[in-house]
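Hi,

Here is the structure I promised to pass on.

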Amino acid sequence: MAVGSNLLIDVSRNGDRVVLRLGGELDLASVPLLESEVENAMVEDPATVILDLSALEFIDSTGLRAILSLDKRCTESGQAFALVRGSQQVQRLMNMTRVDEHLKIIDSPEEILL
Amino acid sequence: MREVAKLTVPRLADICVVDLLDDDGKIKDVAVIAADDQIARGIEALREEHPLDPGGAHPVARVIRSGQPELLAVMADTSLRTFAQGSEHARFMIEHGYRSAVVAPLRARERTLGALSVLRLAEGEPYAPGDLDLVCELARRAALAIDNARLFSDLHRVEQRLQAVLVNLAEAITVADEHGQMVFANQAAADLLGVATPSELIEAAPGTIMPRFLVLDEQGEELDLEQMPGRRLFAGEHLEPLVVRNIVRATGEERWLVVRSSPVTDSETGRILYAVNVFENITEVKRAQLAESFLATEHGRIAHVLQRSLLPESLPEIPGVELQALYHAAGELNDVGGDFYDVFAYGEDRWMLVIGDVCGKGPRAAGVTALARHTLRAAAISGQSPTDMLSTLHEALLRQPPGEDLCTVCLGMLTRVQDGARLTIALAGHPPPLLISADGDVRQAGISGTVLGVVDPVSIEESEITLCTGETLLMYTDGVIEAGRPDHLLGEEGLFELCAAAPSLPLEGFLEHIELAALTRAQGRLRDDIALLALRIEG
């Protein structure tokens with residue numbers, strides 16, 4: 001469990017699938033923590049990366065940018081990337097920016113196996 | 001004292017006691033000489049344990065108070081008891097056979113220093129009046145000697161201390177009288193005031209040295225020499241240490257000093273005789289401080305100026321339409337934010353309203369903001385539709401190395417129509433503008449579009465609205481609705497509520513109303529910038 005000033009990250013591995021579960025706020029201040037955890041996770045070269053936003057309370061444009069970066073990185077290296085749907089505020093941003101049309105959004109980490 | 005006492009024993013007395021007054025008026029400092037050493041020790045111990053009461057009946061106390069000698073030719077046990085300092089004292093005197101005594105005051109320079117007592121015990125012959133004169137004479141001489149000895153040692157002690165202090169101090173010290181004449185100066189003072197030796201300062205007439213200098217206070221205001229603490233002391237003022245900037249007029253050489261002044265008063269009259277001035281050289285410290293604060297301020301100022309230059313100097317006049325904008329940057333002066341807005345006229349009777357938000361802070365975000373504003377202006381002027389304008393900007397952002405400059409934009413192209421205005425709205429990832437009717441109904445306008453700069457391709461859709469007299473359109477950045485996160489979030493709902501009050505407020509007041517609400521939610525500390533752009537159709 002990684003804790004920044006306002007962000008919690010819980011990392012779990014299941015075979016070649018890694019799930020980063022976020023809690024709290026993903027913003028300008030806490031993005032570096034996410035980036036650092038992502039780096040750690042990528043060392044094992046997982047086939048699938050899941051960002052679980054179900055417990056995330058808040059996200060701003062820098063948080064969004066970090067997610068888009070991660071998506072781009074996974075695409076470029078042939079890894080699968082998905083987001084577990086977040087709270088209303090989180091989804092509102094995804095919706096307003098139409099980023100949800102671009103990213104794979106699932107309802108739970110298990111869904112990816114289907 | 002002991003010398004004095006020794007003179008009298010054993011020829012004149014069996015016991016001689018010298019009692020002196022201390023600074024508090026207590027009878028202390030005893031010297032006791034006796035033929036029998038045990039008795040002497042006993043008296044010393046008694047004085048220690050039961051000090052004589054200066055206001056009491058003991059002959060020593062009486063003599064000190066009156067300044068007159070006393071002859072107690074024969075002392076009976078009963079009288080011993082009356083002035084004994086307790087039963088132990090009484091028993092001592094009776095046991096040892098106190099018989100006869102002379103007590104003379106020790107007086108010098110019109111002050112009573114104490115008393116000299118001579119005592120004869122049991123077998124001795126009682127004292128006679130002749131003995132009184134002798135003892136008084138002895139006491140007089142003794143007093144003078146004691147007084148001289150004290151003065152001398154006091155003076156010597158003070159002088160030594162002063163010398164040690166002055167010589168070792170790096171601070172410049174001067175002592176001046178009420179006329180400004182310097183009576184003392186140390187070498188450091190001579191160095192500071194640009195003369196070779198302290199004597200030059202002392203020999204100089206008042207008012208000849210100081211005009212060589214321009215003295216300024218911390219704010220840069222010139223200081224009159226009469227304002228210096230050392231001068232104001234004489235007026236009865238007690239001042240805090242003063243920071244001054246001392247400039248040599250002839251050379252421009254500058255020194256920062258802290259000046260502290262203390263009075264030397266006459267102990268008898270309380271009049272201030274001299275001012276002791278201490279000058280501490282803080283030039284290096286001050287320069288470092290100033291450099292640091294200049295850098296911080298300049299850096300902050302530069303960032304601030306940069307930020308301000310990213311916003312329009314003034315809003316154009318649109319006939320029949322009132323326009324207001326409000327910008328509130330979050331955080332420190334140094335943190336250049338990414339919010340921007342713009343309003344410009346282009347083509348025939350056409351205006352473009354822009355509000356946007358570049359992801360992040362700092363110089364890069366500021367650069368992208370400038371790029372956004374100018375790219376949109378150029379695209380508009382070249383005749384592009386709002387949709388195309390946004391695509392153009394998107395392309396421009398993608399071309400920036402290393403990429404990933406997220407930018408959200410809301411465009412409103414305005415043309416005037418009968419009794420109002422028509423707006424074509426195009427959104428790219430930005431919160432939709434709010435249309436507020438004259439009754440305070442609030443609804444969102446526009447169709448959501450893709451955020452610019454990362455996701456490719458982008459999807460933009462235009463939509464049209466019309467505003468009539470009394471209606472308000474509000475464009476805003478997400479800093480407004482995110483204010484107070486996470487616990488007191490204003491949110492879209494909160495903003496809607498604030499907007500319901502719009503028709504009853506002047507346009508500028510309406511924006512301030514929103515700003516205040518956001519600040520209140522955030523408890524004064526906004527985490528993201530706020531930009532608001534609003535228009536209202538005039539009636």
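**The sheet in chain B**

In this predicted model, 5 strands of chain B make up an open sheet with antiparallel pairing, in the order S13-S14-S15-S16-S19. At its edges sit strand S13 (339-345) and strand S19 (462-468) of chain B, each of which pairs on one side only.

One pairing you can trace by eye is that of strand S14 (residues 350-358) with strand S15 (residues 407-417) of chain B, which is antiparallel and runs over 9 bridges. For a place to start, take B:Ile355, whose bridge partner in S15(B) is B:Cys410.

Then there are the helices. Helix H11 (residues 363-381) of chain B packs on the sheet and touches S13, S14 and S15 of chain B. The direction of H11 makes about 160° with that of S14(B). Helix H12 (residues 386-399) of chain B lies across S15, strand S16 (420-428) and S19 of chain B, at about 155° to S15(B).

**Where the chains meet**

Between the two chains, 17 residues of chain A are in contact with 20 residues of chain B. On the chain A side, the elements giving two or more residues are strand S4 (48-59), helix H2 (61-76) and helix H3 (88-96). Which of them gives the most? That is H2(A), with 6 residues. By type, the chain A side splits into 6 nonpolar, 6 polar and 5 charged residues.

Cheers

How values were computed
Residues numbered from 1 in each chain as written. Chains lettered and ligands numbered in written order. Predicted model: local features only at pLDDT ≥ 70, side-chain atom pairs only at ≥ 80, totals over all residues. Pairing = 2+ DSSP bridges. Helix = DSSP H or I, 4+ residues; strand = E, 2+ residues; numbered from the N terminus. Contact = placed C-beta atoms within 7 Å. Axes fitted to C-alpha atoms, helices over the stretch in contact; angles between N-to-C directions. Nonpolar A, V, L, I, M, F, W, Y, C, P; charged D, E, K, R; others polar.
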